[in-house]
Structures are given as C-alpha cells and as structure tokens.
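Visitor: Could you walk me through this structure and explain the terms as we go?
Guide: Gladly, here it is.
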There are 2 protein chains.
Amino acid sequence: MQLLRTSDADFESKFERVVRDRRESDAQVGRDVSDILNEVRERGDSALVEYTKRFDQHNLTGDADWSISKEECKAAYDRLDGELRKALETAATRIRAYHAGQLPEDRDYTDDIGMRLGARWNAVEAAGLYVPGGRAAYPSSLLMNAIPAKVAGVERLVVATPTPKGEANDLVLAAAHVAGVDEIWRVGGAQAVAALAYGTKRIERVDVITGPGNAWVAEAKRQLYGVVGIDMVAGPSEILVIADGNNDPQWIAADLLSQAEHDPTSQSILITDDRGLAAQVEDAIDLEFLNLPTAKTARASWADHGLIVIVDSLDEAPALSDRLAAEHVEIATDDPEAIFAKLRHAGSVFLGRNTPEAVGDYIAGPNHVLPTGRRARFASGLSVLDFMKRTSFIGASEDALRAIGPAAVRLAEAEGLPAHALSISRRLA
Amino acid sequence: MQLLRTSDADFESKFERVVRDRRESDAQVGRDVSDILNEVRERGDSALVEYTKRFDQHNLTGDADWSISKEECKAAYDRLDGELRKALETAATRIRAYHAGQLPEDRDYTDDIGMRLGARWNAVEAAGLYVPGGRAAYPSSLLMNAIPAKVAGVERLVVATPTPKGEANDLVLAAAHVAGVDEIWRVGGAQAVAALAYGTKRIERVDVITGPGNAWVAEAKRQLYGVVGIDMVAGPSEILVIADGNNDPQWIAADLLSQAEHDPTSQSILITDDRGLAAQVEDAIDLEFLNLPTAKTARASWADHGLIVIVDSLDEAPALSDRLAAEHVEIATDDPEAIFAKLRHAGSVFLGRNTPEAVGDYIAGPNHVLPTGRRARFASGLSVLDFMKRTSFIGASEDALRAIGPAAVRLAEAEGLPAHALSISRRLA
C-alpha cells in the first residue's frame with residue numbers, strides 16, 4: 001500500500017505514476033488468442049472439442065456434453081434454498097426495472113424545408129454472453145448481462161461457459177433460468193468467444209458478445225471487435241472511496257476490501273482529508289485480514305495496488321478522482337452531491353455513507369459491468385443500448401430536394417465525386 | 001456484375017456467398033500497424049518525424065511544419081468561392097440541428113424503497129479526428145465527425161491529417177474553420193492514430209478517435225480500441241437500392257455509381273421486381289462510364305462487386321436486405337414506408353424516389369459515418385453519444401439499505417465474496 005499526501009513535494013510525479021499504471025495483460029496472450037481464433041474459424045467444432053479437452057478436461061461428445069438444457073436450469077433453480085432464490089428474483093426484478101428506463105425513443109420529424117428525418121432503434125437478433133467457470137462464476141454477472149439484452153428485445157440469448165471436468169455451477173444455471181437464457185454451451189476461453197463470433201456447425205453465430213472473463217477471453221473479444229459488437233475492453237477493476245473524518249473506519253475498510261478480494265490486480269484507493277481516519281482504516285484492514293476467507297487475494301491487491309491519498313481539503317478530491325477515472329467511486333460524506341456535481345469521469349458513483357459499492361454489484365438496479373482501467377474517460381457501463389442499434393432515415397420531398405440539392409451538388413463536385421453530384425442533379429433537371 | 005434471380009434454383013447458395021464476402025484487409029497490415037504503434041508509443045515525436053518523412057515526404061521541423069493554425073483555416077475559408085462557402089455553412093447548420101436532437105437526458109429518481117438511482121451524461125474531454133489526405137480528403141467527413149463532437153460538448157477537438165509533400169487541402173481547412181476544430185496536426189496514417197491515442201510531447205493524447213482512413217488507419221484504430229474509444233471498425237461501403245418498375249433508370253444508375261466511384265471495393269446492389277428496369281439500369285451504367293471522370297474506380301467496383309437481384313415481388317426485399325445489412329438502403333417506390341417498416345438491419349435508409357443517397361452524404365443532417373460490411377446488424381452510425389459517456393449512480397437511504405441489503409449479503413456469500421457481504425452487514429448491524 002502506498003500513502004501519498006497532496007502537500008508533499010513529489011506528490012504529482014508519484015500520483016501520475018499511479019494514473020499511468022496499466023495493470024494489463026501481455027503481448028503473448030495476444031498471439032495465443034490469435035491462433036485460437038484462427039483454429040476455430042477454420043475448423044469449427046472439432047477445434048472446440050480439442051481445446052475443451054485440453055483446457056477444461058471435458059469431452060464434448062454427445063449433445064448433453066455440448067449444452068445444458070432449459071430444464072436443467074429450471075431444476076438447478078428449484079434446488080436452491082428459498083432465501084437465495086428470492087434474493088436472485090429481487091435482484092432480477094430491480095435490474096429489469098432500472099434497465100427498462102434506458103430504452104431509447106425513436107425520432108421522426110419533418111423540418112422546415114419539408115425533409116423528413118429521424119432514427120429507429122432495433123435490438124440485435126442474437127447476443128452471446130460469456131460466463132467464466134470456476135471461482136469467478138458469478139450469477140450476478142449473468143443477470144447483469146442477460147437482463148439488459150432481454151429488455152432490449154434480443155430474441156436469442158446464448159451463454160458460453162466452461163464446465164471444468166464437466167462441473168457446472170448450480171447458481172449460474174439458476175440465474176440463467178431467472179434471466180430467460182435461450183441456450184447454454186459448455187465451452188470457455190478464447191475458443192468459446194470465437195465460436196460465438198464466427199459460428200460453428202453446432203453453435204450459430206451471434207451479433208454481440210458481452211460478459212467478463214480472464215485475460216484470454218478479454219483479448220479474444222478485443223480481437224473480434226468489428227466481426228461482432230462487444231461490450232467493452234475490460235481490465236482489472238478499481239474502487240475509489242472519498243471519505244471525510246466522520247466515517248466508521250470498519251465500514252470504509254470493508255468497502256476497500258470488497259474490491260481487493262476480487263483479484264490481486266484489483267485496486268482500492270482512499271482519498272481523505274483526515275489522517276486519523278486513514279490510519280484507522282489501515283488498522284481495520286490489517287485486522288480484517290486475520291479472518292477474511294479471501295485474505296490472500298485481498299492482501300496481494302492491497303499490498304501491490306492499494307493507495308491512500310491524504311488531501312488538505314476534500315475540495316481537491318474531484319480533480320484527483322477524475323484523473324483516476326475509477327470504475328467505482330464512493331462518496332462517504334454528509335453532502336455527497338457537492339462532490340458528485342464536480343465529478344466528470346467515473347463508471348458508477350455511490351452516494352453517502354449507506355451506499356457500499358456491493359449494493360450496486362448485486363441489487364440496486366444499475367449495471368455492475370463498468371469501464372475499468374481509467375476507461376471511464378470515454379466509456380460507459382453496460383446498458384440496453386449495447387444490444388441495440390439505430391437506423392437513421394431521410395425522406396426528401398421534391399421541394400426539399402430542390403431547396404438543398406444544389407448545395408449538395410456543389411460539395412460533391414468540390415470533392416471530386418461526379419456520380420454523387422449526378423444522382424442529385426438528374427432529379428433536379 | 002452478378003445477376004441473380006430469387007426464383008433460380010441456386011439463388012440461395014450464390015446470395016449467401018455475397019453475404020459472406022468480406023472484402024477486408026489482410027494480416028500483414030495488422031503486423032505493420034502493430035510495429036508502428038509500438039514505435040510511436042516508445043519514441044513519440046521522433047518516430048512521427050521519421051514516418052512522416054518516409055510516407056508523406058514531409059519534414060516535421062518547425063512549428064508550422066507540425067501544425068496548421070486556426071488563422072490558416074480561416075484564411076482558407078475566406079479564399080473559397082461564395083457559393084461553396086454557403087454550401088459548407090448550410091451543411092454544417094443542418095448537421096448541427098439533427099445532432100442536437102441526439103443529446104441524451106440524465107436520469108435521477110427515487111424508487112419505492114427510497115433508493116435514489118440514475119445516470120448522468122458527460123462529454124469526453126478531447127476527441128481526435130482523422131482526416132485522410134489526397135483524393136479522399138473530404139470536407140463533408142470533417143463536418144460529419146467534428147460537429148457531433150462539438151454538439152456533445154467536447155472542449156478539445158484535434159484533427160490529424162497527412163499533408164503529402166507539405167500540401168494541405170483548402171476545402172478541409174475551411175471545413176475545420178466552420179466546425180470549430182481546435183488543433184490540426186500534419187501527421188497521417190497509423191502513426192497519427194498512435195500519437196492521438198498515446199500522446200507525444202507535442203500532441204496531447206485524446207479520449208476518442210473517429211474518422212475515416214485507409215486500411216492502416218482503420219487497423220490502427222481497431223488495435224487501439226480500449227486505449228481510447230473509437231467510432232467503429234470501418235470497411236468498404238455499400239449501397240442497396242430497392243426499386244420497383246416505375247423508376248427512371250438513369251436516376252438509379254447514378255445512385256449505384258455514387259457508391260461505386262468511392263473505391264474498387266465498394267459494393268452497389270439493386271433489388272427490383274422488374275427485369276426491364278434492371279436491364280435499363282445496366283445499360284445506363286455502361287453509358288455513364290463513357291463520360292464519368294471517376295469511371296475507372298466505378299467500373300472496377302461494379303465489375304467485381306456489383307449485384308442485381310431480380311425478385312418475383314418486392315415483398316421479398318426486406319428479408320434479403322436484412323441479410324446484407326447494408327450501410328445505405330434506398331427505397332425507390334411510391335410507398336417506401338411499407339418496406340422500411342419491415343427492415344431491421346441498415347445503417348441509414350433513404351425514402352422515396354427523391355432521396356438519392358448523396359443527399360445524406362452532404363446535407364440532409366443525419367450522419368454519413370455508418371456501419372459497413374454487414375455491421376448494421378449490431379452497430380449504429382456516428383452520433384453525439386460516441387463523444388459522451390454515462391455515469392450511473394446509487395444513493396441508499398438507511399431504510400433502503402435495510403430493505404434490500406440482506407438479499408445482497410445472501411448473494412455475496414453465495415458467490416464466495418465475504419468482504420462484499422461484510423461491507424453491507426456492518427452497516428445493517
């Protein structure tokens with residue numbers, strides 16, 4: 001963990017180093033992934049069989065080895081204890097309600113010269129959702145990816161998930177049942193992403209691929225961007241907590257650890273104007289490590305990437321926060337709006353002392369798939385728009401063409417595109 | 001040019017081949033671009049100097065070799081003939097008006113359990129716009145990229161454009177003046193895109209890069225996606241004209257040629273239920289080749305990628321059109337809405353006999369940067385949203401946390417994330 005004070009002479013250079021630190025994967029991953037994508041593109045299902053045997057120790061032989069049926073998902077849901085089932089349903093209902101409010105409106109109007117203009121939104125036909133296997137198989141991620149797709153109007157929602165040694169995750173299957181997933185394929189890694197993008201004999205191609213994954217999955221999505229739509233390039237994630245002195249250090253410690261326990265490359269940052277609170281939070285974190293089942297991961301993250309910035313005044317916080325453009329920003333003060341109003345770059349903001357980030361991970365409603373690695377400078381969290389696209393349209397009356405056609409002809413000629421000019425001038429003749 | 005009839009026995013296999021034809025660039029471009037990006041990332045301006053000398057025969061020595069001032073843009077604007085200046089202004093005004101209607105609304109509401117939820121939109125701080133040099137230096141492209149950025153609220157709008165042998169394009173400079181571009185750098189190719197994404201000593205990095213370019217520029221944007229936001233992966237473009245028998249074949253011929261004259265890889269497609277019209281359009285195109293200054297390019301495009309599909313009834317057109325998911329779809333019938341209502345995948349639609357696609361290229365208002373290569377299945381045209389991003393937010397009252405916190409704790413425990421659970425349960429204790 002690194003402790004910086006904005007009043008220190010070397011603060012700027014040290015802070016800039018944190019901002020520029022990328023924590024991203026290496027070039028070898030890129031080459032490996034490129035090979036896998038080519039193999040699946042060329043050889044389809046037989047490449048999937050080989051990779052799945054090698055990486056997941058799972059034999060894709062009969063239909064049941066290839067996919068998991070809706071009935072199996074329903075059975076997994078029925079097996080869950082009642083409280084957990086209810087928690088999943090509550091989460092799904094709230095996520096659905098929030099995302100329904102994102103549905104865009106079509107435009108259609110006629111302007112002053114008689115030109116009809118507008119745009120219509122449509123859902124993509126098919127979306128593929130990657131769900132990691134093993135430790136990172138989170139039912140909450142499935143809900144956060146699948147529900148916006150269904151709200152958008154996607155007809156065919158396809159999950160790809162590895163089942164190492166044939167083992168599927170009951171909670172994930174139950175979540176697939178709740179979200180209304182249409183197909184589940186038991187393949188993972190870059191090879192699964194390739195199958196979704198290119199299609200194989202068994203797996204029909206999709207239009208958009210979303211969902212979290214390891215470095216290979218993320219790189220496969222990045223390389224296939226353009227062949228399909230993707231949600232975003234995801235990297236290690238961050239939490240930034242802006243806290244005044246009136247906070248319970250145990251609460252803030254838990255918030256920082258909730259990010260740190262995800263992965264050793266995760267980053268937890270505290271900005272506070274109270275040196276006493278900073279020291280208490282540090283102590284509370286050390287104490288937590290003694291009992292936390294995820295202490296090994298959290299300890300590595302906090303040691304390597306943890307950061308506490310002591311500011312003279314919280315007025316300094318928004319500018320520092322914007323430079324970090326963190327995935328999650330918690331504002332633990334009495335008047336969080338005063339700071340929020342000055343923020344420009346953040347994936348999601350958590351307002352006030354009663355809003356730990358974990359509420360947003362599971363149940364508040366907004367999406368937990370958010371831009372990481374400073375990408376909130378230019379990217380947004382997942383939304384129904386990621387599963388939709390817009391078709392603009394133009395309808396010119398004879399009068400409208402007469403009004404503005406000549407200017408278009410003039411521009412086309414100036415650009416050296418005579419057939420463009422001709423297509424208008426012929427109609428004006 | 002290929003002529004297909006939906007009534008032919010082999011129609012399906014032949015049409016599917018057209019749908020799958022990619023017309024995209026090769027792997028060698030990918031490796032070359034990767035090398036250039038690394039050089040610029042490592043060596044900054046000195047790499048730019050070398051590449052610009054090699055590729056553009058232009059020496060980046062003094063400040064005036066590096067950039068073009070606002071004053072020079074204003075002077076170029078003043079030099080234009082009055083009619084052309086007015087055409088540029090008309091186009092800019094109409095593009096601005098259409099895009100202003102795309103500005104998204106923020107959300108902020110409190111739900112039934114007292115949870116405050118919403119999202120705020122902000123513009124990115126800086127956008128980079130690539131403008132090709134030479135033949136493809138189109139002022140209309142500059143307007144179509146720059147105006148949405150300015151409407152979105154981008155403060156710093158940076159153009160990168162090659163000036164081969166030091167030559168800049170007056171029309172492009174004039175358009176930069178009209179659009180309010182803030183900086184123009186005289187660099188091009190993959191090296192310019194790298195400079196915009198990573199930043200150099202001279203050129204400050206931007207958040208989003210848009211704009212057309214050759215295969216190297218397109219590949220550079222694709223590879224840098226994630227380091228910056230980009231508009232889209234662009235490829236060769238298409239026009240699809242759906243026409244009944246009551247059309248002037250010369251009009252339709254000009255429309256098809258307006259796409260074909262762009263590039264030998266462009267594709268022009270006619271779907272009609274009238275074999276007579278099809279034959280007349282073919283003849284009209286052949287006649288046009290005799291006089292068209294861009295005939296060489298148009299001829300190559302029409303010969304290699306041109307397609308006429310004869311359908312028994314125009315009722316077949318929407319499904320065929322959706323499979324092609326073309327960048328531009330013209331509907332030249334008396335009731336274009338009847339066909340448009342059945343379309344799902346198209347970049348932009350041009351309604352009725354008086355709406356040649358070229359009207360949309362220059363002056364109608366909607367953006368002419370549109371998804372190509374069948375990407376309208378999942379992508380949209382450029383809009384102000386490409387220069388903005390959304391920050392979601394959550395504010396839980398004590399009561400709201402009490403209402404749904406326990407369900408989140410239950411889910412966090414089930415996912416094996418105890419610090420997540422702790423951050424909520426501590427507040428509920």
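Guide: Helices (H or I, at least four residues) and strands (E, at least two) are DSSP runs, numbered from the N terminus. In this predicted model, local features need pLDDT of at least 70 and side-chain atom pairs count only at pLDDT 80 or more. Residues are numbered from 1 along each chain as its sequence is written.

Visitor: Where does A:Glu327 lie?
Guide: In chain A, A:Glu327 sits in the loop between α14 (317-324) and β13 (328-332). UniProt, in an unreviewed entry, places the feature "active site" at A:Glu327 and A:His328; such annotations may be inferred rather than shown by experiment.

Visitor: Why is A:Glu327 called buried?
Guide: Buried means under 20% relative accessible area, exposed over 50%, partly exposed in between (1.4 Å probe, protein chains only). A:Glu327 has 6% relative accessibility, so it counts as buried.

Visitor: And what makes A:His328 buried?
Guide: Its relative accessible area is 4%, so A:His328 is buried too. A:His328 lies in strand β13 of chain A.

Visitor: What makes A:Arg344 and B:Glu155 a salt bridge?
Guide: The rule asks for a side-chain nitrogen of Lys or Arg within 4 Å of a carboxyl oxygen of Asp or Glu. For A:Arg344 and B:Glu155, the closest N and O atoms are 2.7 Å apart, and the pair forms a salt bridge.

Visitor: How many salt bridges does the rule find across the interface of chain A and chain B?
Guide: The rule finds 18 salt bridges between chain A and chain B.

Notes. Chains lettered and ligands numbered in written order. Heavy atoms only, no water.
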